[in-house]
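Here is a short tour for anyone opening this structure for the first time. Keep the 3D view at hand and follow along.

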Amino acid sequence: MTTHDMTYPRKGQPLVDYGREIETEIAKLYDLIEAEDIRVDHYPHRWLAIKLLEEDADVRERVASARGGAELLQAAEKSVNHLRNIYGDDVDIIITDRRYGFITGLVKEVVERPPVTRRILSDRIDTIVTHRLLGIPIFVAMMWLLFKVTTDIAAPYMDWLDEVITGPFSHWAERFLNLINSPDWLVALALDGIIAGVGGVMVFIPLLLFLYFFIALLEDTGYLARAAFVMDRLMHRLGLHGKSFIPMLIGFGCTVPAIYATRTLESRRDRLLTALLCPFMSCGARLPVYVLFAAALFASHQDIVLISMYLLGVALAILTGIVFRYTIFRGKPTSPFVMELPPYRLPTIRGLATHMWERSSAFIRKAGVYIFAAAVVVWFLLNMPWGVDDQRDSWFGHTGATISHVFEPTGFGDWESSGALVTGLVAKEVVVSTMSEIYVGGVEEEGEEEFPSTPEEIGDIFEGGARAVRDSVKRVPALVPGVFQTAPDEETDLQAALKPVFSERAAVAFLVFVLLYVPCVATLAALGQEFGWSWAGFAAAYYTAVAWVAAFVVYQGAGLLGLG
Amino acid sequence: MAEGFTIALAGNPNSGKSTIFNSLTGGRQHVGNWPGKTVEKKEGIWRHDGRDIRVVDLPGTYSLAAYSLEEVIARDYIVHERPQVVVSVVDAANLERNLYLAVQILELGADLVIALNMSDTAESRGYKIDIAKLSEGLGGIPVVPTVASRGLGIEELKEKIIQAARSQPRRTAEV
């Protein structure tokens, strides 16, 4: 196989992947070069872009004298500054690291006795974290720590946000709406629909901020690349390679970018199989549902419930991979490839903040638009026909009741859960917002409550905020098992409402179903766009079937064993 | 294939590049300077099937950054003179450092053949390198194991260079 003139090997794919941040800037410069038809000697365009990011003096000089060169240099400078801010280091050093990372990965794969001439710290860490036997346990431990730290540290802030939203914020909204003489239904829509629904999800923002922060930390230090390396052998059993693991890891944040991340894989078979497995990775939107139920029903062992959900997702991904490999995706061995192992880096605050914000702001936007819309629609459905007394007799209640028969064998055959699951198709956190509308928004307040005065409430907000900071800091030593026992978190209204409704085994079955059923419309759209609508349809049917069977097994199995 | 083509030899200093240059060209060598530069330029002729193939020995470098004159000469030669094939001599004893240069030549878009040279040190360390995997990892370029000091693998290297040159689309004249 020979490469063509001025193109790159690997079917036109670049040899070295310089990482998301740098590749984005390369693409920008590349597009500019192509669009403006800038010609600088015979230099290949991608190479030219890379050299500009490296601030190669000779190339800069040549570009300066080319037509359109000034504009290109300006764009390059912007890119370099942006990257320097993120990495806190010169870009050429990062590029060199990446190139060496590619080579280190390659050498590790092709040399039987790796050279021991240069054993720097990075290599020493690698011998432990990429160890044949220790690698996977270390990875599982890292993931456990990630979710433990995230949920523990975020909990006080969530409590605080919940108090602010259900307390002062609701009061002010109500007072404001009464002040401008709004009709009763509008007050009800705002309080029981929008604030209960959107607010119920907004409470989880601290949780996701911490989750995305820790994922960014693992990513920016270079550990995620090692995790992919460790999983390489396991992935080969699924007929995939370690590179497929990266989209799956992204899936722990959000499934939609995970599906788009499969584009880095070479064959369509690999891309499709990987994309079909991504939704099994429990995304950030599912975490609020787990946390809500775990806190309501399993106060003493929340961690176990949480980590079990994540592990169950991974286990079913593996199972699905094996089944698909011997059925739909038979044969066709995957092409060998090189896993980049860039040296470990100390991440910069700036880079972490950027990555954390990118993901969190997407969640907040989603809450602002889709969850808002869903909350309004759900509120109307709960109140139709107009003025209905009992929510059970509303359109929502009737629809939920009809569907609920399907879920009788799985332990949550009530109209509330079924309705919440249907609305959860928009996005899984909507399950929480809908339940919040039903169980909290629908409850009539007893009598006229005496609201505290506004200054008093403002004082409470700050006091609560300070308490949250203190509590979350206090939790850090408690992460070491046995050092401290933290007091149980305060119970929210929604948690209290769920307690009498769900038995423990029904709650677990419900969470299993939420983990596994159709991820959300955005995921289906991504699958459809990348692989065609028939695959998206197949995926939807498959996930729902798996979810029902798994929930059934959990509920009935626990019943037979006399649990819950 | 245009008659009489040019190949360039690239590699780290002390990678065995000179030895391979000598075994390709025999005695037909010419030593001069790179135009306008005080860096030595070695050229030679390799007779193959009654045809003369020009072999240019690029300065020994570790990288293709613009940090040294040698590096600029090497990369400008590859880009502007466009030898049909670049042979990268890679010392198996220092695989990472040597591949660092090879990867950069590949990024420049050159047609590369790797001469994976087992120096005495590499041999004494008993490395086992999976040639096929290395080739595929680098995008399927030919990798030929050689022991230049004992003349091993040179014939296969020559074969691969000719093959690489032949399978190229004909180059159009560039301005």
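## A hairpin in chain B

Find B:His48 and you'll see it standing opposite B:Arg51, which belongs to strand S4(B). Keep in mind as you look that this is a predicted model. The two strands here are S3(B) and S4 (residues 51–57) of chain B, and they pair in the antiparallel sense over seven bridges. The hairpin they make has two residues between the strands, and B:Asp49 takes a positive phi near 50° there.

S3(B), which spans residues 40–48, also has a partner in strand S2 (residues 29–33) of chain B: five bridges join them, and they too run antiparallel. To spot this pairing, look for B:Val31, which stands opposite B:Lys42 in S3(B). As a rule, side chains in a regular strand alternate between the two faces of the sheet.

## Chain B as a whole

Step back and chain B shows six helices and seven strands. Going along the sequence, they come in the order β-α-β-β-β-α-β-α-β-α-α-β-α.

Chain B has 175 residues, and 57% of them count as buried. If you take its contacts with a separation of 6 or more, 65% are between residues 24 or more positions apart. Its accessible surface comes to about 7,300 Å², with 48% of that belonging to carbon and sulfur atoms.

## The nonpolar cores

Which residues have the most contacts inside the largest nonpolar core? They are A:Phe293, A:Phe502 and A:Phe510, in a core of 117 residues. Helix H7 (residues 135–179) of chain A gives the largest share of this core, with 11 residues. Another core, of 72 residues, lies apart from it; A:Ile33, A:Ala76, A:Tyr87 and B:Ile73 are among its members.

For a closer look, pick A:Phe510. Leaving aside residues up to four places away in sequence, A:Phe510 touches A:Val289, A:Phe293, A:Phe412, A:Ser417, A:Leu421, A:Val431, A:Met435 and A:Phe502.

## An enclosed helix in chain A

Now go to helix H2 (residues 45–53) of chain A. Eight of its nine residues are buried, so this helix is largely enclosed by the rest of the structure. Among the buried ones are A:Trp47, A:Ile50 and A:Leu53, and A:Arg46 and A:Lys51 are on the list as well.

What do the buried residues of H2(A) pack against? From chain A there are helices H1 (20–36), H3 (57–64), H4 (69–87) and H5 (91–110), and from chain B helices H2 (69–81) and H3 (95–107). After H2(A) comes A:Glu55, with a positive phi near 55°.

A:Leu134 sits in the loop between helix H6 (121–129) and H7 of chain A. With a relative accessible area of 43%, A:Leu134 is partly exposed, because that lies between the 20% and 50% cut-offs.

A:Pro409 is in a loop too, the one between helix H17 (395–404) and helix H18 (415–423) of chain A. A:Pro409 also counts as partly exposed, at 27% relative accessibility. Which residues does A:Pro409 touch, not counting those up to four places away in sequence? They are A:Trp548, A:Phe552, A:Tyr555 and A:Gln556.

Methods:
Residues numbered from 1 in each chain as written. Chains lettered and ligands numbered in written order. Predicted model: local features only at pLDDT ≥ 70, side-chain atom pairs only at ≥ 80, totals over all residues. Heavy atoms only, no water. Pairing = 2+ DSSP bridges. Helix = DSSP H or I, 4+ residues; strand = E, 2+ residues; numbered from the N terminus. Buried < 20%, exposed > 50% of the residue type's maximum accessible area, 1.4 Å probe, protein only. Contact = heavy atoms within 4.5 Å. Areas by Shrake-Rupley, 256 points an atom, 1.4 Å probe, with all protein chains shown as cover. Core = buried A, V, L, I, M, F, W, Y, C linked by side-chain atoms within 4.5 Å.
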